[in-house]
Structure formats: C-alpha cells, structure tokens
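Let's take a friendly walk through this structure.

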Amino acid sequence: MSLSTRKDHYARGVPLFNQRVEVGSFSLDSEHKFIHDKSQMRYYVEPDQVPNFDLRDGYNDRYVKRDENFKKGLTHVLHWILANKSNLKKRPSSSLASDVDFVTSRGRLTKVLTTPYENLSSWLLAVTKFQGILYINEVETEAARIARNNRTETHEENIYWGYKFEQYICSDTIDGSPDSSGVVNSNEAFYTVVQTSLKDHRLLFSAEVDCRDKANTSDPPACYIELKTAKNILSNNQRGKFRRFKLLLWWAQSVLVGVPRIVAGFRNDDGVVESVKTFEVNNIPKLAETEVNCWKPNICMNFCCDFLSFVKREVIEDDPRVVYLFSKDPCSDVTYTVHKDSSYSFLPDWYVNEMI
Ligand code: A3P
Ligand code: MG
C-alpha cells in the first residue's frame, strides 16, 4: 500500500480546517525540562524601522546550545497530556480517544503539509496506535543525521542568528524591554497545545511559540507572532526563491497553529538585520501565486488530509510496542513497514502505565 505524492492528485478544493483552539501551554527550562507553566512566554517589542541588530554578538561567549543528539520525541506533549488528563475528557468516564484521533507536534505536521513540494527530501514518521489514538513521531533519517553532524561552522552560526534575533525583539515581561546582553539558551522554549480538526481528523499537537503581541487582545493562538530571519532580497531571482521555498515553510508552520503574523528580520551577509517586515499568514499564498510553478495551499492541505486518512486506514494494531514506520524518499510515494519491540518504539512506559 502506498500514498501518491504527486501534486495533481491533490488539486481539489481546500478541506475544512477548523479554528485552532489553544487548550493549554507549557515551557521548557534552561535545561530543556518540561515545566507546566508559561514562564518562557515572551512579548514582542516592535523594533526601530532601521534596526541594525548584530546577530553575531554573543555566538562565542553567550550561547548555550541545546543538545541535538538528544531526541525528545513526543515526550513533552505526553507530559502535558498526563498533567491535563482529567480536563481533557469531556465526561469523567470518557477517554481521550472520544475527542482526539491524532497526537503529534507541529514539526511533524509541517513535514507532511509541505511534502508535495519537497520532491528531493525524505522523511520517516513513526506511528503507534494506543487506546484508539494515533501518535505520530519523527525518526531522523540517516541522511539528515549525517547532514546535521557535518554542518559547517557558518551553518551553525546561522542557526544561532535565528535565536539571537528573537532576543533582540522579545522581552520577558509585558512592560519590559529586550535585553541583548544576556545569554541565548536554545533549550528554553514556550509551547502552545492546540486542538483542531482537518476535515474528519481530530488533532491535538504542541507547537513552539516565539512570542505574544501585547497590543493584540485576541485569545491565543491569534495573538502569537512567529519570528524569522532571512537574507536580504536583492534581486528578482532571490525574491522568486524566497517565495517558492522559504514562504512555503513559513506559511505551513504558522497556518497549522493559527498564528496570524510573521515578523521577519532581513539580514546582510555579516549577520546584521537591516530591516524588519511583517507578513500576514493568510496573504502569503497570494504572494507566492505571482511566481511561476509555485506552491498552492490546497495541494498541501489535501495531501495532509489524505495522509492522515491513509494512516487511519493502515494502522490497525492497537499496541504501544508496535510502530508503523511511514517513509517518503526523494521523488517517491509514501510507503510503510511494521515493527514490534524495535528501536522505533517511542511511547514511554511512564506514559503507557499512567494511561491504562
Ligand atoms: P529562523 O526562524 O530565523 O530561521 P523557528 O523559526 O521555527 O521558531 O526556529 C527558531 C530558530 O531556530 C531558527 O531561526 C533557526 O535559527 C534555529 N534553528 C534551530 N534548529 C535549526 C535547524 N536544524 N536548522 C535550521 N535552523 C534551526
Ligand atoms: Mg521562529
């Protein structure tokens, strides 16, 4: 059994994507540990028109980098589910499965959403059915692991620049100002937990949120802002690439959570942010439309919807020790293999035992 990744299979009307509702949130502290509070939430502070942020500052002496060899899987959202078990059930006797079909994280869904346009990439998604719920985790491909372990120093520094930009335009308190003299610690993060449905697929997932707009009185996630950095766009060719590739990722990541606004810092080659531009997420597909052979949101949404249907249809065995490994290789369809008691198993005993 396989699922086609060809765009023309998905060129129909957009599926119904319900309002995203924040059902909770959590933080990860300076050691990347789960804390059931909003302590890591930050507030957006609008920068000057000509910001002049030096993103290189602190890379060598004020950077605590998260250990990327440690794969957290779904553990943080599982911790959140256990902490909220009683609130999540509509009736005391009901189970989580009466409201939710899939538990995952935004990153996994972004991978699926962009698949029809990522012909050359590959991914592995591990799915386990437990008590009627489908848990979707990601397994790092061999190619991704090799690429991660062989990043150039410039690439490593570029990753730091994204976090440094956040520090320049976020404050820790609602009335505070950004403090760019502090340490950048990529272990720290604030997460929202969102519930929604895509057609008949009821989803619960976590997503990292960069900051909250204090001027926007809407409830979360509508008051959240996604922060991004990108190279200055100096030619039509660069603009085309930006719209065809970067804007697809930015749109996919934000639309899933219902984050309406992206603030992007445009930087020169020396890592200095020279301008800041706001993108309304709903308007991004229109910007992309102007480019030839560009991506289309309905194709992404329909592929995601059909992938979830495919998973629902194929994942039969309800057992926390069984993993259905869905795989997508360059220019290939999605296929899967089944594994019992393998290294792919990802639901921890502490979660399974607490849910029984
Ligand atoms: P940019 O957004 O400016 O690229 P996010 O945007 O998803 O909130 O992520 C914040 C930052 O994490 C990114 O900033 C980027 O710098 C950094 N980052 C972390 N891991 C990364 C990776 N594997 N590849 C690229 N960027 C990464
Ligand atoms: Mg960001």
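## Around the ligand

Start with Gly162: one of its backbone N or O atoms sits 3.5 Å from an oxygen atom of ligand 1. Keep in mind that this is a predicted model. Side chains join in too. Lys228 brings a polar side-chain atom to 2.7 Å from a ligand 1 oxygen, and Gln253 has a side-chain N or O atom 2.9 Å from an oxygen atom of ligand 1. On its own, ligand 1 has 540 Å² of accessible area, and the protein covers 69% of that.

So who else is there? The residues around ligand 1 also include Arg151, Tyr163, Glu166, Asp210 and Thr229. Two elements, α5 (153-169) and β14 (224-231), each give two or more residues to this shell, with α5 supplying the largest share, five residues.

## Inside the protein

Nonpolar side chains tend to be buried together in soluble globular proteins. Here, the largest nonpolar core has 59 residues, and the ones touching the most other members are Leu113, Trp251, Phe279, Trp295, Phe307 and Phe326. Helix α8 (residues 297-314) gives the most to this core, with 10 residues. Another core, of 28 residues, lies apart from it and has Phe26, Leu88, Phe130 and Tyr191 among its members.

## A look at Phe279

Which residues is Phe279 in contact with, leaving aside its neighbours within four places in sequence? Among them are Phe242, Leu247, Trp250, Pro260, Arg261 and Ile262. Ala264, Phe266, Ile284 and Leu287 are also in contact with Phe279.

Definitions and conventions. Residues are numbered from 1 along each chain as its sequence is written. Chains are lettered from A and ligands numbered from 1 in the order in which they are written. This is a predicted model: local features need pLDDT of at least 70, side-chain atom pairs count only at pLDDT 80 or more; totals for chains, interfaces and linings use all residues. Side-chain values use heavy atoms; hydrogens and water are left out. A nonpolar core is a set of buried Ala, Val, Leu, Ile, Met, Phe, Trp, Tyr and Cys residues joined through side-chain atoms within 4.5 Å. Buried means under 20% relative accessible area, exposed over 50%, partly exposed in between (1.4 Å probe, protein chains only). Helices (H or I, at least four residues) and strands (E, at least two) are DSSP runs, numbered from the N terminus. Contact means heavy atoms within 4.5 Å. A residue is near a molecule or strand if one of its heavy atoms lies within 4 Å of it. A polar contact is a pair of N or O atoms within 3.5 Å; within protein, one must be able to donate a hydrogen and the other to accept it, and residues adjacent in sequence count only if both atoms are side-chain atoms. Accessible areas come from the Shrake-Rupley method with a 1.4 Å probe; for residues, only the protein chains shown count as cover.
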